[in-house]
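Please look over the sequence and the structure shown below. The text after them goes through the parts one at a time.

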Amino acid sequence: MLRLPPFEYYAPKSAAQAAKMLAEFGPEALLVAGGTDVYPKMKRYQFQPKALISLKQIKRLSGILGSNSKGFVLKSGTTLTEVASHSSLSKAYPGLAKAAGVVSTPILRNMGTIGGNLCLDTRCNYYDQTHHWRKSISWCMKAPGAKGVLFKPSATRDESIPCRVAPGGDRCWAVSSTDTAPVMVALGAQVVLVSAKGERVIPAKQLYCDDGIRYVTKRPDEILTEIHLPPADGIKTTYLKLRRRGSFDFPVLGVAVALKQAEDKTITDCKIVLGGIASYPVEFEQAEKMLIGQKPTLELIEHVAQTVFGPARPMDNTDYQIYYRKRMAPVYVKRALLELTS
Amino acid sequence: MATENYSVIGKPLPKVDGIAKATGQTKYADDINLPRQLYCKLLRSPHAHAKILSIDTSKAEKFPGVRVVLTGHVMPTEFGIMPSSQDEHALSFEKVRYVGDPVAAVAAVDEETAERACELIEVKYEILPAIMTIEDAINKSEPRIHEKHGSGGNLSKIVALEFGEVEKGLQEADLVQEDTFFFQGNTHLPMEQHAALASYEPDGKLTLWSSTQTPHYVHRALAKVLQIPESRIRVIAPPTGGGFGGKDDPFSHEIAIAKLSMMTGRPVKITLTRDEVFYAHRGRHPVLMWVKTGFKRDGRITAMHFKSHLDGGAHGSYGVASTYYTGALQTVTCKVPAYKFEGVRVFTNKPPCGPKRGHGTPQPRFALEVHFDKVAEKLGIDPVDLRLRNLVDPDSLTVNWLRITSCGLRECIEKVADASEFKKKRGKLGYGKGVGFGVGSYICGAGLPIYWNDMPHSEVHIKVDRTGRVTAFSGTIDIGQGSNTVLATIVAEILGLMPDEIQLVTADTDLTPIDLGSYSSRVTLMMGNAAVEAATNMKKILCEAASMKLEVPVDRIELRDHKVFDKANPAKSMAFEEAARLAESKFGALAAVGSYTPPKKPGTYKGSGVGPSPAYSYSACVAQVDCDPETGDVKVEKIWLAHDIGQCINEMLVIGQVEGSVYMALGEVLMEEMEYRNRMGIHKIPSLLDYKSPTTKEMPPVETILIKNAESRGPFGAKEVGQGPLLPVIPAVVNAVYDALGVRIDEIPITPDKVLKALDLKAQGKEPRVGPTSIPKAPFPPALKVEPPEEWKSQLMSTL
């Protein structure tokens, strides 16, 4: 079987203690929450941290607080199963519950956390491979080292080793594969980042960057502790996921839509965010603008949906053909908009 | 024969090993550990095709915890499953032929150490261009993947056979239909990765435990490569966690750990990782096919010409047989008056292909049944009626000399069409929904052994002791298909006991008599017949002893419900245990044997060894699909499958095999693909997550219909069910997609992008078809002309 490389394991009891440890270890440490993505990747030597700092023992890092009218606070260690099945949360934000409920399999959702899913490493089928496989293609930019050489996620970049997806370029094209991030961005959620230096709150949208290696703005010394959701206040949300099978698979396209309509059906607010097509959740502002102030009709929705076709530029590094994924973007956007407006 | 007459045969009793498996207590190969055992890891090639210039193991040898580092130089003898293609080295030392080809083995105190030491082995390679496609392999004879093997250049095998006058038949046709098809390669994906443990003892005897379907052939390969007598080697196959053909070959890792154990004097264990299982492969060959068939206006076939091009990967494996199988069984479902087959298998720099459920026949079956669907439409004949019009007869010989005995295909077709309301639904379910139909047939065991010999293919020993305990010994290996239950049920039926009372000793070359292995759907029929003979012989002994005591003629004695009794007067009886004691008192040790040798093959031409079987199972399938024209998604709503089983030994197991076959077929037709990045010469997705195989969420309801017409050559009339039911499912789904959307996908898997591409072509007014448009020009030799059997000719005359 694939074996885990050796590592030190720490289980602090508070976020402050965890932040202190992170500061002490520096970039050689890695946070682990549910571990459903970290451990398989360590077995494949995609990264080999000296120390893992587990968030599992921090009791105050789990739970869902708030209400429909006040908004919700999701502690980052809350499992995806809890997010998917929380009764008032799923009533307020059905799209978020849906997204959390289609991550991988029931068993992994019982382990995996909402914070972990938001910080999920980007994926690429040149990168998510065993050590032997990656050695066979002479490595890639995102995991450039051989076994035994320490390398970390989202920090290292070896300019001499190209991205295998687009070898001519100077960036990594690994794909944002989190189901919940597009919904959080669409909902205008805020995330709380805690480090030994203090705390900052940023919009979920600003958590992500267009880079397969440095895919989050969260610094390695920061811990994502909470997600703040605004009051639902009439926002309707949904999430549609393209994947080969009804379980297990990461999204190769995820469409999150959040919108508000006036009494007369006029759309007053709209967010359309796509996952699985780039290194970050992509918001389609042009499409949103075309809808705001309009009453939805089938023709309008089809027209708007078509505008995502051009900018949706998936690469050949996930399941399905590239062109197919590109072609599905407008179809899924249309279906999501129809679901919310009809 | 009605099932009611039996006490256990045909009953849906639980598997004898079911509880242990369901509760996780079954000990698979990886569960076995020995004191002082070492762990082995293999260093595998990172290149698809390269010469090995040197291997330096010195650093690895010095690594703390390493006991031995092994390279192939010390085991230069070539091996392989087929005598005609001994083209593998236990560890490659001259060249590597695919990414994942094993080049060195390390034995160390633990797995991590062995893995780290592998990294310290320095191999210098001279990289050669990789041959990655069928076309390249046919067109480029250089660089040669095998210098010393195959049929020249990069051809692994090339054959051409003609039975009767094909050209004449095509000229007499009213419609000549020509099609090309491609069947993508896929793999077995057993839940259990291959695992093995070798222990070389101080007395010079070697024992190997391995998750294999063929302990006997592994035994032979070990003796050959290690150059020690077979009498000093013992191979044990513990219960195997799924095979499907993926554990039919002797493998590098088995030989390497045996050698490492000999070198260290310690047991050595290996368990492959999932990506290594993808590299071990031996799965479904990708096959490019071309078929041309002549039909009369009324739907009767006049002649058929079939060509297949198989992508064999880096080694021969079962490829010679696979090649013939792509051409052999076309004729066992429909009468083909004249038939020509040309087949070529090529070497490519990919993991070797071999046998997977249906071995070499799902590909041509897909082609044939879709081809017939197209013809049915052109001729305005219902697809069901087209099959019935060409139906083979029971007790007949085919044009290519295959002996058909029982044939329940007519009942399969009629019942599956009725149950699914196929004729009512076809073309009438509305856009996006459709039904499709297909048939198939499979062998109940290969008529010939893999290496030429005249001995039995399966033997069973039965021992009864003075406590009445019955033990059956058989070389068969239960790979999950239920062969243990079949053995126990047959013995129990004959001796009047329950299956869970029969002790089983299986798959141990020291303790059990020969069985060739769990492949070619041979076990129920061959082991079953041997078990019937052995149990009947034991029954005779017990009856004779009881007859004297009960003072009843021996032919009136029967065994049932733990009793030995007078059939005419059942009150006159004794317990089974008492009969056992009486028999031992009278005859001494109680042992009985049985064996089975298949009938001689009817044909004598070169190539006639592949295809003959004691009997053929038949299946027919209707698939109902719901397609989304906007996304190209194909959802299978329901499968109806009728299977001619002859007689169930255990009905629950039979239905389980049907459902498992349907599941596997759906994976092959809709999503599974051995995809390679050809430029890099590497498997694209060697993992359980990324190699897409259906989940329970994709599995539709299956309605199984069993046709029970006893087969005279089968034990209690039984035929196979492990492989045959897979065959018609694939074309049935493909034909259903056509019924739903009016597009032809002549290439599987039917992925959503192909469906959309075909719909685009339709919208543009072009031919709504996705699939290969041409075949490469293979250097087929002039066909070997074979005269069809006399008997066949007269039969054909009577039907015309």
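The model is predicted. In chain A, the secondary structure amounts to 13 helices and twelve strands. The radius of gyration of chain A is 20 Å, close to the 20 Å that the globule rule gives for 342 residues, so chain A is as compact as a globular protein of that length. Along the principal axes, a box of roughly 60 × 45 × 35 Å holds the C-alpha atoms of chain A.

One sheet of chain A can be followed strand by strand. This sheet is open and has five strands in the order 4-5-8-6-7, with antiparallel pairing. Strand 4 (64-67) and strand 7 (198-203) of chain A stand at its edges; each has a single partner strand, so one side of each is left without a neighbour in the sheet. On average, neighbouring strands of this sheet are turned by 15° against each other, direction ignored.

Chain B is divided into three parts: domain 1 (33-128 + 191-242 + 247-280), domain 2 (161-186 + 283-447 + 604-786) and domain 3 (455-596). The centres of domain 1 and domain 2 of chain B, taken over C-alpha atoms, are separated by 36 Å. Where these two domains meet, 21 residues of domain 1 of chain B are in contact with 20 residues of domain 2 of chain B. The side of domain 1 that touches domain 2 of chain B has eight nonpolar, five polar and eight charged residues.

Chain B also has an open sheet, built from seven strands in the order 32-8-13-14-15-7-34, and here the pairing is mixed. Strand 32 (747-748) and strand 34 (784-786) of chain B are the edge strands, each pairing on one side only. Strand 34 of chain B pairs with strand 7 (residues 155-163) of chain B in the parallel sense, over three bridges. Glu162(B) stands opposite Lys785(B) in strand 34 of chain B. Helix 10 (residues 362-379) of chain B packs on this sheet and touches strand 8 (175-183), strand 13 (287-295), strand 14 (301-311) and strand 32 of chain B.

Elsewhere in chain B, two helices cross. The axes of helix 15 (residues 523-550) and helix 16 (residues 576-587) of chain B come within 8 Å and cross at roughly 95°. The two helices of chain B are therefore roughly perpendicular to each other. Among the residues that make the contact are Ile541(B) and Leu542(B) of helix 15 of chain B, and Leu582(B) and Phe587(B) of helix 16 of chain B. By class, this contact of helix 15 with helix 16 of chain B has nine nonpolar, no polar and two charged residues.

Finally, the two chains meet. The contact takes 28 residues from chain B and 24 residues from chain A. On the side of chain B that touches chain A, helix 3 (111-119) and helix 19 (752-763) of chain B each supply at least two residues. Helix 3 of chain B gives the largest share of that side, four residues. By class, the side of chain B that touches chain A has eleven nonpolar, four polar and 13 charged residues.

Notes. Residues are numbered from 1 along each chain as its sequence is written. Chains are lettered from A and ligands numbered from 1 in the order in which they are written. This is a predicted model: local features need pLDDT of at least 70, side-chain atom pairs count only at pLDDT 80 or more; totals for chains, interfaces and linings use all residues. Two strands pair if DSSP finds at least two bridges between them. Axes are lines fitted to C-alpha atoms, for helices over the stretch in contact, and angles run from 0 to 180 degrees between N-to-C directions. Two residues are in contact if their C-beta atoms, placed from the backbone, lie within 7 Å. Ala, Val, Leu, Ile, Met, Phe, Trp, Tyr, Cys and Pro count as nonpolar, Asp, Glu, Lys and Arg as charged, and the others, Gly among them, as polar. Angles under 35 degrees count as roughly parallel, over 145 as roughly antiparallel, 65 to 115 as roughly perpendicular and the rest as oblique. Domain bounds come from an automatic or database domain assignment. The radius of gyration is taken over C-alpha atoms; the globule rule is 2.2 Å times the number of residues to the power 0.38.
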